[in-house]
Amino acid sequence: MQSDAMRRSGAIESRWLADRWRAARPPVAGLHLDSAACSRQSFAVLDATSHHALHESEVGGYVAAEAASPLLDAGKAAVAALFGMPDAEVVFTTGSLHALALLLGSWPGADGTARTIACLPGEYGPNLALMAAHGFTPRSLPTLADGRLAIDDAAYQLEENPPDFVHLTTVASHRGTVQPAAMLASLCRELGVPLVIDAAQALGQVDCAVGADVVYSSSRKWIAGPRGVGVLAVRPELMERLVPRFPPPEWSGPLSVAQRLQFGEANVAARVGFSVAIGEYLECGPDLVRARLAELGGVTRSLLADVDGWVVVEEVEEPSAITTLAPVEGVDPQAVRDWLLAKRRILVTYAGLQRAPRELTTPVLRLSPHADTTTEDLEIFAAALIDATAATT
């Protein structure tokens, strides 16, 4: 058990982080509870992005990109460290879906034979669409009642019928449940099955250093970087097995596999902003940020537990900042979300069935406060939710 002194110290650190995160950003126009969709960038990230664009205008885009290469390399190294893959090769992408498309399109063994991916029933809908488009058949991993991976049953299934690889979305788009990624990584290593992790909702919010073979993520969520940039990190031994379709090796010259994956036009300014955002996150302290986000998630779920018309999906102690509200009969999450934005300038996410078409049975509301959110902000939301539900039902 924590001592009173330890609890006081933790509370002081949490307030310090909240104040620092808030002071580093422009004032918010309303109440922003949508960080799982797109967080607010800091002044430093905005300045770095705009300064790079200005530099491009002054000296030319390619000269400016070369000058920014040390910062971009530092950003890649920081991402690899956060993924627990210091030796990984990191490729910038335009986001998480682009990263997955690059991986699937380059996966070895594209010879027309059937290929399978083991993933959760709650897999993100667009991910499933990409898998199908690249000729992969998803196979559902066993889960508990709350959608969490049933690790013992999964061990039996994967050993009896191993897929081409396992794909785990550590935190889903439609629910704040944190999957046991480290346990699955250990199991996959034991069985010799590659593990690919979608960390779009995990990077910055939960520990991603779990021992996966591939991890990919985006910039705009919990790291609070620009939109339109992401990363794909691959262990070297697997990277060398990938077969990028473009550019073809016969005319690409002496490009590495990673260079071929990253080949093409790029928004270098966004990559610069992402690298700065990663640096800010590290300066704040990943453990402290993750603890603050989990604290806010618990406060949110406690405040909303008894609001009429809604059921809180996650347990109070779930180590995630995301709170999902499932409506009872007669409540329209889309109408409530629109009312909150139009009438109170409160931003949350409406999540339709396409987010998890193999699991989600009704649309939901998703709240995702970041480190600068206060208990008072969450109390304001709880009161507004009551008003919005009454106004739209």
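**Contacts, strands and charges**

Threonine 373 makes contact with His32, Leu33, Arg292, Leu296 and Leu378, leaving aside residues up to four places away in sequence. This is a predicted model.

Me: Is threonine 373 buried or exposed?
Reply: Threonine 373 sits in the loop between β13 (364-367) and α15 (375-392). The cut-off for burial is under 20% relative accessible area. Threonine 373 has 4% relative accessibility, so the residue counts as buried.

Me: How many disulfides does a search of the whole structure find?
Reply: A disulfide needs two cysteine sulfur atoms within 2.5 Å. The search of the whole structure gives a count of zero. Cysteine 188 is in no disulfide, and its nearest cysteine sulfur, that of cysteine 119, is 13 Å away. Cysteine 208 is in no disulfide either, with the sulfur of cysteine 188 nearest at 16 Å, and the number of disulfides found is zero.

Me: Is cysteine 188 buried or exposed? And cysteine 208, buried or exposed?
Reply: Cysteine 188 has 2% relative accessibility, so it counts as buried. For cysteine 208 the value is 8%, and this cysteine also counts as buried.

Me: In which sense do β6 and β7 pair?
Reply: Strand β6 (residues 195-198) meets β7 over three bridges. One of the partner pairs is valine 196 with valine 214 in β7. The sense of the β6 and β7 pairing is parallel.

Me: Which residue in β8 is the bridge partner of valine 90?
Reply: β2 and β8 pair over five bridges in the antiparallel sense. β2 is mostly covered, four of its five residues being buried. The β8 partner of valine 90 is alanine 233.

Me: How many residues apart in sequence are the parts tied together by aspartate 87 and arginine 235?
Reply: Aspartate 87 and arginine 235 form a salt bridge, with the closest N and O atoms 3.6 Å apart. Aspartate 87 lies in the loop between α4 (69-82) and β2 (89-93), and arginine 235 in the loop between β8 (230-234) and α9, so the separation in sequence is 148 residues.

Me: About how many helical turns separate aspartate 19 and arginine 22?
Reply: The two form a salt bridge, with the closest N and O atoms 3.2 Å apart. Aspartate 19 is partly exposed at 44%, and arginine 22 is partly exposed at 32%. They are three residues apart in helix α1 (residues 4-23), so the separation is about one helical turn.

Me: What is the C-alpha to C-alpha distance between tyrosine 124 and alanine 172?
Reply: Tyrosine 124 lies in the loop between β3 (115-119) and α6 (125-133). Tyrosine 124 touches Leu97, Ser173 and Arg355, not counting residues up to four places away in sequence. Tyrosine 124 and alanine 172 are 48 residues apart in sequence, and their C-alpha distance is 6.8 Å.

Me: What is the accessible area of the nonpolar patch formed by Phe246, Trp251, Leu255 and Phe263?
Reply: Phenylalanine 246 is in the loop between α9 (236-239) and α10 (249-252). The patch lies on the surface, and its four residues together have an accessible area of about 430 Å².

Methods
Residues numbered from 1 in each chain as written. Predicted model: local features only at pLDDT ≥ 70, side-chain atom pairs only at ≥ 80, totals over all residues. Heavy atoms only, no water. Helix = DSSP H or I, 4+ residues; strand = E, 2+ residues; numbered from the N terminus. Buried < 20%, exposed > 50% of the residue type's maximum accessible area, 1.4 Å probe, protein only. Contact = heavy atoms within 4.5 Å. Patch = residues over 30% accessible without salt bridge, like charges linked within 9 Å, V, L, I, M, F, W, Y side chains within 5 Å. Areas by Shrake-Rupley, 256 points an atom, 1.4 Å probe, with all protein chains shown as cover. Salt bridge = Lys/Arg side-chain N within 4 Å of Asp/Glu carboxyl O. Pairing = 2+ DSSP bridges.
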